[in-house]
Amino acid sequence: KYVRAVGLARNAAVNATYTRVSLKHIGVNVDSKDNASPRPNVAQVKQILTTGAHSVKKAIDDGDLHLIILFHDINGQTADNLETYIATIAEVTGKNGRFPKFLTTRAEALAILNSTTE
(Lines give C-alpha, C1' and ligand atoms only; values in the text may rest on other atoms or scores of the structure.)
Protein backbone atom coordinates (compact mmCIF):
# COMPACT_ATOMS: atom_id res chain seq x y z
CA LYS A 1 0.00 0.00 0.00
CA TYR A 2 2.92 2.37 0.72
CA VAL A 3 6.27 2.82 -0.97
CA ARG A 4 9.40 4.93 -0.69
CA ALA A 5 11.27 5.59 -3.88
CA VAL A 6 14.61 3.82 -4.08
CA GLY A 7 17.34 6.34 -3.39
CA LEU A 8 14.50 8.88 -2.87
CA ALA A 9 14.59 9.37 -6.65
CA ARG A 10 11.27 10.27 -8.23
CA ASN A 11 10.14 11.55 -11.59
CA ALA A 12 6.92 11.58 -13.63
CA ALA A 13 7.35 7.96 -14.74
CA VAL A 14 7.92 6.74 -11.18
CA ASN A 15 4.91 8.71 -9.93
CA ALA A 16 2.73 7.33 -12.74
CA THR A 17 3.79 3.78 -11.90
CA TYR A 18 2.91 4.24 -8.24
CA THR A 19 -0.50 5.61 -9.22
CA ARG A 20 -1.13 2.79 -11.71
CA VAL A 21 -0.43 0.08 -9.13
CA SER A 22 -2.24 1.94 -6.30
CA LEU A 23 0.82 2.64 -4.15
CA LYS A 24 1.06 5.77 -2.06
CA HIS A 25 4.50 7.32 -1.96
CA ILE A 26 5.71 8.24 1.49
CA GLY A 27 7.87 11.29 1.30
CA VAL A 28 10.91 11.73 3.50
CA ASN A 29 11.72 15.21 4.71
CA VAL A 30 14.85 14.25 6.67
CA ASP A 31 17.45 11.81 5.38
CA SER A 32 19.96 10.80 8.04
CA LYS A 33 22.44 9.73 5.35
CA ASP A 34 23.45 6.95 7.74
CA ASN A 35 24.09 4.62 4.80
CA ALA A 36 26.32 6.99 2.82
CA SER A 37 29.68 5.87 1.59
CA PRO A 38 31.97 6.14 3.40
CA ARG A 39 29.72 5.27 6.34
CA PRO A 40 29.32 8.30 8.63
CA ASN A 41 30.09 7.89 12.31
CA VAL A 42 27.60 8.77 15.06
CA ALA A 43 28.82 12.36 15.38
CA GLN A 44 28.45 12.87 11.63
CA VAL A 45 24.89 11.50 11.59
CA LYS A 46 24.00 13.79 14.50
CA GLN A 47 25.42 16.74 12.53
CA ILE A 48 23.37 15.76 9.47
CA LEU A 49 20.21 15.62 11.60
CA THR A 50 21.02 18.98 13.18
CA THR A 51 22.05 21.25 10.30
CA GLY A 52 22.00 21.44 6.55
CA ALA A 53 19.68 21.01 3.62
CA HIS A 54 18.14 17.74 4.82
CA SER A 55 18.11 18.36 8.58
CA VAL A 56 15.34 18.33 11.14
CA LYS A 57 15.79 22.10 11.56
CA LYS A 58 15.35 22.67 7.81
CA ALA A 59 12.17 20.56 7.77
CA ILE A 60 10.79 22.60 10.68
CA ASP A 61 11.81 25.87 9.00
CA ASP A 62 10.00 24.67 5.86
CA GLY A 63 6.83 24.31 7.94
CA ASP A 64 6.58 20.54 7.76
CA LEU A 65 3.97 19.41 10.27
CA HIS A 66 5.14 15.81 10.42
CA LEU A 67 8.76 14.74 10.23
CA ILE A 68 9.49 11.48 8.47
CA ILE A 69 13.13 10.68 9.09
CA LEU A 70 14.86 8.04 7.01
CA PHE A 71 17.31 5.73 8.74
CA HIS A 72 18.93 2.58 7.41
CA ASP A 73 20.43 -0.21 9.42
CA ILE A 74 22.83 -1.91 7.08
CA ASN A 75 25.50 -2.59 9.67
CA GLY A 76 23.73 -2.23 13.01
CA GLN A 77 25.24 1.18 13.76
CA THR A 78 21.89 2.93 13.56
CA ALA A 79 20.14 0.43 15.83
CA ASP A 80 23.03 0.62 18.29
CA ASN A 81 22.77 4.42 18.41
CA LEU A 82 19.05 5.02 17.93
CA GLU A 83 18.65 6.42 21.44
CA THR A 84 21.31 9.04 20.67
CA TYR A 85 19.63 9.94 17.37
CA ILE A 86 16.19 10.22 19.00
CA ALA A 87 17.66 12.51 21.67
CA THR A 88 19.21 14.64 18.90
CA ILE A 89 15.87 14.89 17.08
CA ALA A 90 14.10 15.86 20.33
CA GLU A 91 16.76 18.49 21.09
CA VAL A 92 16.56 20.08 17.64
CA THR A 93 12.77 20.18 17.61
CA GLY A 94 12.67 21.59 21.14
CA LYS A 95 15.11 24.35 20.24
CA ASN A 96 12.76 25.23 17.38
CA GLY A 97 9.63 25.46 19.52
CA ARG A 98 8.24 22.01 18.79
CA PHE A 99 8.15 18.92 20.90
CA PRO A 100 8.11 15.62 19.08
CA LYS A 101 5.70 12.81 19.63
CA PHE A 102 7.38 9.63 18.51
CA LEU A 103 4.78 7.26 17.13
CA THR A 104 4.62 3.95 18.88
CA THR A 105 1.59 2.22 17.42
CA ARG A 106 0.64 1.06 13.96
CA ALA A 107 -2.58 3.08 14.16
CA GLU A 108 -0.68 6.30 14.87
CA ALA A 109 1.71 5.71 11.99
CA LEU A 110 -1.08 4.84 9.55
CA ALA A 111 -3.01 7.98 10.51
CA ILE A 112 0.01 10.10 9.57
CA LEU A 113 0.76 8.14 6.40
CA ASN A 114 -2.85 8.34 5.25
CA SER A 115 -2.98 12.09 5.87
CA THR A 116 0.08 12.92 3.75
CA THR A 117 -0.44 14.25 0.25
CA GLU A 118 2.89 13.05 -1.11
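## Close-up views of a predicted model

The side chain of T78 comes within 2.8 Å of the backbone oxygen of H72. This and every other view below is drawn from a predicted model.

**View 1. T78, a buried threonine of helix α4.** T78 belongs to helix α4. Its relative accessibility is 6%, so T78 counts as buried. Two polar partners are shown. One is the backbone oxygen of H72, at 2.8 Å from the T78 side chain. The other is the side chain of D34, in polar contact with the side chain of T78 at 2.4 Å. With residues up to four places away in sequence left out, T78 touches D34, F71, H72, D73 and Y85.

**View 2. The largest nonpolar core.** Nine residues make up this core: V30, V45, L49, V56, A59, I60, Y85, I89 and V92. Three helices each supply at least two of its residues: α2 (42-50), α3 (56-61) and α4 (77-95). In soluble globular proteins, nonpolar side chains tend to be buried together. L49 is one of the core residues. Neighbours within four places in sequence aside, L49 is in contact with V30, S32, S55, V56, K57, I69, F71, Y85, T88, I89 and V92.

View 3. T88 lies in helix α4. With 6% relative accessibility, T88 counts as buried. A polar atom of the T88 side chain is 3.0 Å from the backbone oxygen of T84. Beyond four places in sequence, T88 is in contact with K46, L49 and T50. L23 is 65 residues from T88 in sequence, and their C-alpha atoms are 32 Å apart.

**View 4. A nonpolar patch on the surface.** L82, I86 and F102 form this patch. Together they have about 230 Å² of accessible area. I86 sits in helix α4. Its relative accessibility is 34%, so I86 counts as partly exposed.

View 5. N11 caps the N-terminal end of α1 (residues 12-20). A side-chain oxygen of N11 lies 3.0 Å from the backbone nitrogen of A13. Just after α1, S22 has a positive phi of about 60°. S22 is not a glycine. Most residues other than glycine have a negative phi. S22 falls in the loop between α1 and β2 (24-25). At 61% relative accessibility, S22 counts as exposed. Within the helix, V14 is partly exposed at 24% relative accessibility. V14 and L70 are 56 residues apart in sequence, with 20 Å between their C-alpha atoms.

**View 6. The two ends of helix α2.** N41 caps the N-terminal end of α2. Here a side-chain oxygen lies 3.1 Å from the backbone nitrogen of A43. Just after α2, G52 takes a positive phi of about 105°.

**View 7. The loop between β3 and α2.** A cis peptide bond joins S37 and P38, with omega of about 0°. Most peptide bonds are trans. P38 lies in the loop that runs between β3 (30-31) and α2. K33 is placed in the loop between β3 and α2 as well. Phi of K33 is positive, near 55°, in a residue other than glycine. K33 has a relative accessible area of 32%, so K33 is partly exposed.

**View 8. Salt bridges.** The whole structure holds five salt bridges. Among them is K58 to D62, at 2.8 Å from N to O. K58 is partly exposed at 34% relative accessibility. D62 is partly exposed too, with a relative accessible area of 48%. Another joins E91 and K95, whose closest N and O atoms are 3.1 Å apart. E91 and K95 are separated by about one helical turn because they are four residues apart in helix α4. An α-helix has 3.6 residues a turn, so residues three or four places apart point the same way. E91 is partly exposed at 46% relative accessibility, whereas K95 is exposed, with a relative accessible area of 66%. In a further salt bridge, K101 meets E108, with the closest N and O atoms 2.2 Å apart. K101 is exposed, with a relative accessible area of 58%. E108 counts as partly exposed, at 23% relative accessibility.

Conventions:
Residues numbered from 1 in each chain as written. Predicted model: local features only at pLDDT ≥ 70, side-chain atom pairs only at ≥ 80, totals over all residues. Heavy atoms only, no water. Core = buried A, V, L, I, M, F, W, Y, C linked by side-chain atoms within 4.5 Å. Buried < 20%, exposed > 50% of the residue type's maximum accessible area, 1.4 Å probe, protein only. Contact = heavy atoms within 4.5 Å. Patch = residues over 30% accessible without salt bridge, like charges linked within 9 Å, V, L, I, M, F, W, Y side chains within 5 Å. Areas by Shrake-Rupley, 256 points an atom, 1.4 Å probe, with all protein chains shown as cover. Salt bridge = Lys/Arg side-chain N within 4 Å of Asp/Glu carboxyl O. Polar contact = N/O pair within 3.5 Å; in protein donor to acceptor, adjacent residues only side chain to side chain.
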